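Hello! Here is the structure I promised to pass on to you. Have a look at it first, and then read my notes below.

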Amino acid sequence: MELDGWVGIKKVEQDFYRLCNQKEKIVLIGHSEGASLAIYLASKSNKVKGLVGLSLSFLSFELIKQGFKHVITKSQVRYINIIRNIYLKWLSLSLLQKKALPMLLIYGNRDVIIREPERKNIISSIKTPVISKTIAGGHNFMIGRNAKKVANDIYNFMQTEVFYASIS
């Protein structure tokens, strides 16, 4: 059974608000388009104190237009159209610039979806405190042997002065 994209996003948003009612300080972690959704959610609550983006992309639709269609399957087209609408309506780097949330961005060095030029563009366009890392692997680099390293990188990010300043 395929989950309707809007239903899934609304469920995540409802769960987020429920979490905001229970916790004082939240760090959001998202992968790929989920990292973009985390940025949108961060704009909705002052309880979010940091963001972790694993293979974060703001420009993937530009890449698709430029000929990177080979990384998208037919079954993903509907999802991509939904996400494109989210981009147009919700997501903006200004959300981060207004809140100045510290961010950790981690990318795989062999990612065929978010390639080096896009990674550099994303990192340079974010005006909030950013720590960026590139580790061995593709778009889903955090699975398998890298899982422990990624967990350690996230833990270490949450020990930095930049992160502590945001939760004080």
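Lysine 149 and aspartate 153 form a salt bridge, with their closest N and O atoms 3.4 Å apart. (A salt bridge here is a side-chain nitrogen of Lys or Arg within 4 Å of a carboxyl oxygen of Asp or Glu.) The two residues are four apart in helix 7 (residues 147–157), so about one helical turn separates them. Helices are DSSP runs of H or I with at least four residues, strands are runs of E with at least two, and both are numbered from the N terminus. Lysine 149 is partly exposed at 40% relative accessibility, whereas aspartate 153 is buried at 7%. Buried means under 20% relative accessible area, exposed over 50%, and partly exposed in between (1.4 Å probe, protein chains only).

Salt bridges that share partners also join Lys11, Asp15 and Arg18 into one network. Aspartate 15 meets lysine 11 at 3.0 Å, N to O, and arginine 18 at 2.7 Å. Lysine 11 lies four residues from aspartate 15 in helix 1 (residues 5–22), and arginine 18 is three residues from aspartate 15 in that helix. The whole structure has seven salt bridges.

One more thing to look at: serine 55 has a positive phi of about 60°, although it is not a glycine. Serine 55 sits in the loop between strand 2 (48–54) and helix 3 (60–65), and is buried, with a relative accessible area of 0%.

Please remember that this is a predicted model: local features need pLDDT of at least 70, side-chain atom pairs count only at pLDDT 80 or more, and totals for chains, interfaces and linings use all residues. Residues are numbered from 1 along each chain as its sequence is written, and side-chain values use heavy atoms, leaving out hydrogens and water.

Enjoy exploring!
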